[in-house]
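Trainee: I am new to this structure. Please pick one part and take me through it closely.

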Amino acid sequence: METTSGTLDEALQRLHASGPEFKGFLSNHGPMAIEAMVRNGQARTVHRWLDSYEHKLEDVPVAKTPLTDANWQQALGETDRVTDWTAYFTERVAERPWRDVLAEWWPRLLPGIAGAATHPVIRLGHAVRSLLAEGENAPRLAEFAHALGYWAARHLLLPTAVRPTGRATPAEALAAVPRIADQRVVPVQGYAQLPETEGWLTTTESLHVPDDPEAVRQSLTALVRAATLNYGDYGHGNGIMLVHAATAPNAVLRILPALPQNLWAPSFTVAWAATSAITAIYAADTPRRAPDAGSLTPEEVFARAVANGNEHAIKFADTALDVAAASEDGDTRALSAALNAVALIDVDD
């Protein structure tokens, strides 16, 4: 574990020399992908993968005006302040335990989960997983601050508030999500279609949200499973973008243990809203059979995602392995969904 954690820390330090986005709006997936590779036994491939990935990255944006506890609200959602936000959270983490910073800022950032196609919360999920699994050190705490700063800068509310009060399970509710009229759009354009999509709000509010924290965790786990399996059937609608319907709620699930339990239920609600939105925007209308994982092991499936090289295939396989590990009776559908991502996503996408 010392070797793999050292690889993670070295890679994070390399990545922190680059900004969180490139080409104006594409997210830097490096920190997420390399953490997934280290976690799933592919640490030896990390630096080689970075060598081929980081050429597309751009420099850290120029800082503008320092943020303080008195003026941060005006800068929430201002993308060009991302370096100011990273500096702000770096200072907060230096002053206080990271869990305390997370507990304070989670309720502020959570409503804006839709920003940057949910990449900020996904990046934060990988950062928190590494802190919980391997402990604190400078590179991991720096990554935690970078992830929070990216989320604050890209904070974006969905156009319609979702308040689930129904009795449907995550699988039942997800199966009923309608599709928007024009799916050939970027996420922000897709979000704008949600209020006029017949049945979308009704469906999202049909979900049951339990009160008991353990039941919430189980429901969120079920949501991640449903979204992962859904990708196996409907991922051909948009192989890259539908990945986030599963990886975003899984990020929230990974962060739950670091949060006060009174924040778990609202976290599940917002994760569901994000999954429902992404599904409505990018899932295909009709199912298609995914490749069969057959007798492949989880390790072999993840190795295929790494061999593919695309960061989305790697991240989705990471989530699929979580789902497979929690499955019973040898259910390989999550692994088949991961193979579907490998088949649908090209390394250069």
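Mentor: Start with a pair of side chains. Arg 123 and Glu 143 are joined by a side-chain polar contact of 2.7 Å. Keep in mind that this is a predicted model. Arg 123 belongs to helix H7, which covers residues 119–134. Is Arg 123 buried or exposed? Its relative accessibility is 3%, under the 20% cut-off, so Arg 123 counts as buried. What surrounds Arg 123, leaving aside neighbours within four places in sequence? Besides Glu 143, its contacts include His 16, Pro 20, Asn 28, His 146 and Ala 147. Pro 31 and Met 32 are also among them.

Pro 31 and Met 32 sit on the H2 side of the contact between H2 and H7. Helix H2 spans residues 30–39. H2 and H7 pack at about 35°, and their axes are 9 Å apart. Their crossing is left-handed. From H2, Glu 35, Ala 36, Val 38 and Arg 39 also take part. H7 brings Arg 123 itself, along with others including His 119, Ile 122 and His 126. By class, this contact has six nonpolar, three polar and five charged residues.

H7 also meets helix H16, residues 311–326. The two axes come within 13 Å and cross at roughly 60°. H7 and H16 are therefore oblique to each other. This crossing is left-handed. His 119, Ile 122, His 126 and Arg 129 of H7 make the contact with His 312, Lys 315, Asp 318 and Asp 322 of H16. Here the classes are one nonpolar, three polar and four charged residues.

Definitions and conventions. Residues are numbered from 1 along each chain as its sequence is written. This is a predicted model: local features need pLDDT of at least 70, side-chain atom pairs count only at pLDDT 80 or more; totals for chains, interfaces and linings use all residues. Side-chain values use heavy atoms; hydrogens and water are left out. Helices (H or I, at least four residues) and strands (E, at least two) are DSSP runs, numbered from the N terminus. Buried means under 20% relative accessible area, exposed over 50%, partly exposed in between (1.4 Å probe, protein chains only). A polar contact is a pair of N or O atoms within 3.5 Å; within protein, one must be able to donate a hydrogen and the other to accept it, and residues adjacent in sequence count only if both atoms are side-chain atoms. Contact means heavy atoms within 4.5 Å. Axes are lines fitted to C-alpha atoms, for helices over the stretch in contact, and angles run from 0 to 180 degrees between N-to-C directions. Angles under 35 degrees count as roughly parallel, over 145 as roughly antiparallel, 65 to 115 as roughly perpendicular and the rest as oblique. A crossing is left-handed if the near helix is turned anticlockwise from the far one by less than a right angle, and right-handed if clockwise. Ala, Val, Leu, Ile, Met, Phe, Trp, Tyr, Cys and Pro count as nonpolar, Asp, Glu, Lys and Arg as charged, and the others, Gly among them, as polar.
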